[in-house]
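Hello,

As promised, I am passing on the structure we talked about. Please open it and keep it beside you while you read on.

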Amino acid sequence: MRKIFRKISATVSAVVMCALTIVNFSVYAVETGSPLDRIIKSYEEPYVTYEIYDFPRSQEIFIAQENEYHLLHQYVNLYVDIKDGQPVPEIPVENVHINETLAGYTVMYNNYADENKIIGFLSECEDVLSVDKVYTVHGDPDGIMLGGAWVKYSEENKDTLSEYQLIDTADDKKYIFFKSQAERFEFMKKMHDNNIEYELQIVSTTEEPPVIAEEKINLYTSPDNIGSLQPTLLGDANEDGELSLSDAVLIMQSLSNPDTFQLTPQGKANADIYGDGDGVTAMDALQIQKIMIGLA
């Protein structure tokens, strides 16, 4: 089985303490509201998270709990549906292009900031039928092996590190091998408690970890095809997978201030909960509120 070596950066600066002196890190690499973001937030405290890749199409997170270690990897892809026989549009954004794959046309991009530009351009192309954002999260809870850690060594922390067998590496860092998962976990807690910088090495032996979450969000559908969209969840205007008052709020915002607040085509299909296909109106927001308080 192929071994995959992954090094995890973990710079401890602002430490937020909880019950067992374990840290909850903010994971800035993960897009808010994405499946990976929701999975991380579903973990019960205490836990520790580390971002591995801060890259728009590939985000990897390591989550450690006392008896559990999870390596989660989220792929994010933009898929474009183009009319049959029409050429692939050239996107006028640097380092952005469209590739044809077995799953369809995929937009390759390296910067979150380019996403709105890409979608805006594609929505103006008459041959583009739709643009979908697809999230796929792979979980690797069983294939994680020991590895070790690089730790920043100094006069201030040498007493804290004296219990470990340290191996000299370049500069001011030393390497520590772990003999057990428990030893690694206790090391992580000690480094957090003492505000010591370190880098973990995680070794994964899982070649194809299972898919644990998938989600598809429609970002654009051409006017000719909007009527063909089916609701994924009636009333779910913000497409977070739940029906809540925030959906009603977004509907009202989109009606009163459409330049700032907009529903995606899928959001519109979901939001049209009242009436018979009459489009999104204030009555849809009212209907959602009635459902939430048990009046409908």
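Below is a short tour of what I found in it.

First, a word on its origin: this is a predicted model. The protein has 296 residues, and 45% of them count as buried. Its secondary structure consists of six helices and 13 strands. If you take the contacts in the protein with a separation of 6 or more, 66% of them are accounted for by residues 24 or more positions apart. The accessible surface comes to about 16,100 Å², and carbon and sulfur atoms hold 49% of that.

**Strand β7 and its neighbours**

Twelve bridges pair β7 with strand β4 (residues 68–82) in the antiparallel sense. Strand β13 (residues 211–221) also runs antiparallel to β7, joined to it by nine bridges. You can follow both pairings through K133: this residue of β7 is the bridge partner of L78, and I217 in β13 is the bridge partner of K133.

Side chains connect β7 and β13 too. D132 and K216 meet in a salt bridge, 3.7 Å from N to O, and this links D132 in β7 with K216 in β13, 84 residues apart. Which of the two is buried and which is exposed? D132 has a relative accessible area of 10%, so it counts as buried. K216 reaches 57% and therefore counts as exposed.

**More charged pairs**

The count of salt bridges comes to eight. Another of them joins K174 and D168, at 2.2 Å from N to O. K174 is buried, at 16% relative accessible area, while D168 is exposed at 60%.

E199 counts as buried at 16% relative accessibility, and K173 is partly exposed at 32%.

**An aromatic cluster**

The number of aromatic pairs comes to five. F178 and F187 make a tilted pair, 5.2 Å centre to centre with 55 degrees between the planes. Both ends of this pair are buried: F178 has a relative accessible area of 5% and F187 one of 0%. F187 also pairs with Y198: the ring centres are 5.3 Å apart and the planes stand at 75 degrees, so this pair is edge-to-face. It connects helix α3 (residues 181–193), where F187 lies, with Y198 in strand β12 (residues 198–204), eleven residues away. Y198 is buried, as is F187. Together, Y164, F178, F187 and Y198 form one aromatic cluster.

**F177, on the outside**

Finally, have a look at F177 in strand β11, residues 173–177. F177 is exposed, with a relative accessible area of 53%. What does F177 touch, leaving aside residues up to four places away in sequence? Its contacts are G147, G148, I167 and E183. The C-alpha atoms of F177 and G147 are separated by 6.6 Å, although the two residues are 30 residues apart along the chain.

Enjoy exploring it!

Best wishes

Definitions and conventions:
Residues numbered from 1 in each chain as written. Predicted model: local features only at pLDDT ≥ 70, side-chain atom pairs only at ≥ 80, totals over all residues. Heavy atoms only, no water. Pairing = 2+ DSSP bridges. Helix = DSSP H or I, 4+ residues; strand = E, 2+ residues; numbered from the N terminus. Phe/Tyr/Trp six-rings, centres within 6.5 Å; stacked < 30°, edge-to-face > 60°. Buried < 20%, exposed > 50% of the residue type's maximum accessible area, 1.4 Å probe, protein only. Contact = heavy atoms within 4.5 Å. Areas by Shrake-Rupley, 256 points an atom, 1.4 Å probe, with all protein chains shown as cover. Salt bridge = Lys/Arg side-chain N within 4 Å of Asp/Glu carboxyl O.
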